[in-house]
Amino acid sequence: MSNSNVLDYLNDPSPRTLGRSPLEWLERLHKPTVVHVTGRDPSRTRAMATLLHGNEPSGLFALHRWLLEQHTPEVNMLFLLGGVYPAKIPPMLSLRQPPGGLDLNRCFKEPFEGREGAIAQAILAELQKVQPECLLDVHNTSGTGPAFAVTITNDAAHQALTSLFTDRLIMTDLRLGALMEYSEQEVPTVTIECGGGQDEKAHQLAYEGLVRYTSRPDVLSLEEAEWDVEVLRNPIRVELAPEATIEYRLEPTGHADLTFPPDIEHRNFGIVSPDEPLGWIGHKGLSMLTAISHNRTENMEQVLRVEDGQIYPAQAIKAFMITTNPVIAKSDCLFYAVKATGEPIF
Ligand SMILES: [Zn+2]
């Protein structure tokens with residue numbers, strides 16, 4: 001299948017074609033869409049993907065606003081709007097992926113199966129054609145919480161890209177078929193998690209980061225960085241057993257296998273010391289939880305311990321992507337964690 005069957009193309013779109021709001025613009029899009037904007041130096045290109053997940057709108061909102069304002073970027077810009085199909089399913093911007101479809105951000109690898117695989121392959125072909133000097137993939141987190149970046153490569157260029165948006169970079173050796181693995185093509189690539197998809201602050205951050213990304217002569221040098229970047233290496237994932245139940249309450253009812261306080265999200269990126277309780281465990285104990293590292297080793301003793309029905313960190317940890325959405329907590333993971341120093345727990 002040729003790319004033009006899979007993707008639509010917009011070149012230097014005029015404000016009149018964009019609709020007054022991002023939702024109006026989305027109504028006018030019919031396929032995953034590539035947007036080219038000509039820069040002052042047309043010999044270079046930077047790329048930004050967004051909306052790979054249809055319910056993560058900050059990048060779309062930022063791009064719509066930026067296009068309406070008719071900025072001239074420093075270099076050519078290539079924007080890739082991936083999840084137009086799930087985003088357009090009513091109510092708009094509510095679905096991560098189409099019903100029965102695949103998670104697009106797990107499809108950037110062989111064998112490129114199904115409609116999402118074809119979209120991923122077309123996006124990769126677009127990048128190969130344009131040869132950008134760097135690539136961002138802008139997302140929202142499922143819970144609320146501060147922004148962070150994710151990379152598979154931790155060097156000055158990746159830290160510099162991160163610093164356009166945030167001061168935290170998570171480095172992972174895990175390979176899932178995510179677009180950020182494009183970093184392996186020697187093109188600095190980071191995923192930006194702007195914070196919650198309902199969060200006005202996340203939309204503003206995406207816009208401000210986009211303005212920095214497009215307006216600076218150099219985005220790959222740390223000398224230009226706004227702030228120092230803290231690197232957190234190979235976090236472990238703490239998951240809940242499929243049959244386990246979770247509640248978010250100030251006190252346990254005695255019915256759930258795990259109870260977290262409703263404000264647990266405030267723990268995101270803070271250090272939790274071994275004497276600070278995180279929540280309550282049911283009578284089945286820690287067997288309802290697993291702690292998995294990037295190389296699939298498992299070792300709960302180094303992460304959590306139980307005392308009088310309460311869960312504590314087994315050592316000082318930094319936890320993040322904590323969610324209070326029980327659906328996400330069950331289907332994805334409870335939280336990620338590294339040592340308080342940013343090093344892997346195991
Ligand atoms: Zn996402």
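Biologist: In which strand does Glu 193 lie?
Modeller: The model is predicted, and its strands are numbered from the N terminus. Residues 189-196 form the strand that holds Glu 193, and this is strand 8.

Biologist: Is Glu 193 buried or exposed?
Modeller: Buried means under 20% relative accessible area. The relative accessibility of Glu 193 is 11%, so Glu 193 counts as buried.

Biologist: How many residues apart in sequence are Glu 193 and Val 138?
Modeller: In space, the C-alpha atoms of Glu 193 and Val 138 are 6.2 Å apart. Glu 193 also touches residues beyond four places away in sequence, among them His 139, Asn 140 and Thr 141. Along the chain, the separation of Glu 193 and Val 138 is 55 residues.

Biologist: Which residues coordinate the zinc ion?
Modeller: The donor atoms lie at 2.0 to 2.5 Å from the zinc ion. Along the chain they follow the spacing H-x2-E-x82-H. Two of the histidines' ND1 atoms and OE atoms of a glutamate take part, and the residues are His 53, Glu 56 and His 139.

Biologist: Is the site of the zinc ion tetrahedral or irregular?
Modeller: Four donors count as tetrahedral if all angles lie between 85 and 135 degrees. Here the angles among the 4 donor atoms run from 56 to 144 degrees, and the site is irregular.

Biologist: How many residues apart are Glu 56 and His 139?
Modeller: Glu 56 is in the loop between strand 3 and helix 3, while His 139 is in strand 5. Glu 56 is buried at 7% relative accessible area, and His 139 is buried at 2%. The pair links distant parts of the chain, with a separation of 83 residues.

Biologist: Which residues does Thr 50 touch, leaving out those up to four places away in sequence?
Modeller: Thr 50 is found in strand 3. With a relative accessibility of 1%, Thr 50 counts as buried. Its contacts are Gly 59, Leu 60, Leu 80, Leu 81, Gly 82, Asp 137 and Val 138.

Biologist: Why does the aromatic pair of Tyr 248 and Phe 260 tie together parts that are 12 residues apart in sequence?
Modeller: The search of the whole structure finds 6 aromatic pairs. Tyr 248 and Phe 260 form one that is tilted, with 6.5 Å between centres and 45 degrees between planes. The pair ties those parts together because Tyr 248 lies in strand 11 and Phe 260 in strand 12.

Biologist: Over the ring of which residue does the charged end of Arg 168 sit?
Modeller: Ring pairs link Phe 148, Phe 269, Phe 320 and Tyr 336 into a cluster. The charged end of Arg 168 is 4.4 Å from the centre of one of these rings, that of Phe 269.

Biologist: How far from the ring centre of Tyr 207 is Arg 65?
Modeller: Arg 65 lies over the face of Tyr 207. The distance to the ring centre is 3.5 Å.

Biologist: How many disulfides does the search of the whole structure find?
Modeller: A disulfide needs two cysteine sulfur atoms within 2.5 Å. For Cys 107, the nearest cysteine sulfur, that of Cys 333, is 20 Å away. For Cys 194, the closest is in Cys 134 at 16 Å, too far for a bond. The number of disulfides found is 0.

Terms used
Residues numbered from 1 in each chain as written. Predicted model: local features only at pLDDT ≥ 70, side-chain atom pairs only at ≥ 80, totals over all residues. Heavy atoms only, no water. Phe/Tyr/Trp six-rings, centres within 6.5 Å; stacked < 30°, edge-to-face > 60°. Helix = DSSP H or I, 4+ residues; strand = E, 2+ residues; numbered from the N terminus. Lys NZ or Arg CZ within 6 Å of the ring centre and 35° of its normal. Donors = N, O, S within 2.8 Å, 3.2 Å for Na, K, Ca; no water. Tetrahedral: all angles 85-135°; square planar, octahedral: opposite > 155°, others 65-115°. Buried < 20%, exposed > 50% of the residue type's maximum accessible area, 1.4 Å probe, protein only. Contact = heavy atoms within 4.5 Å.
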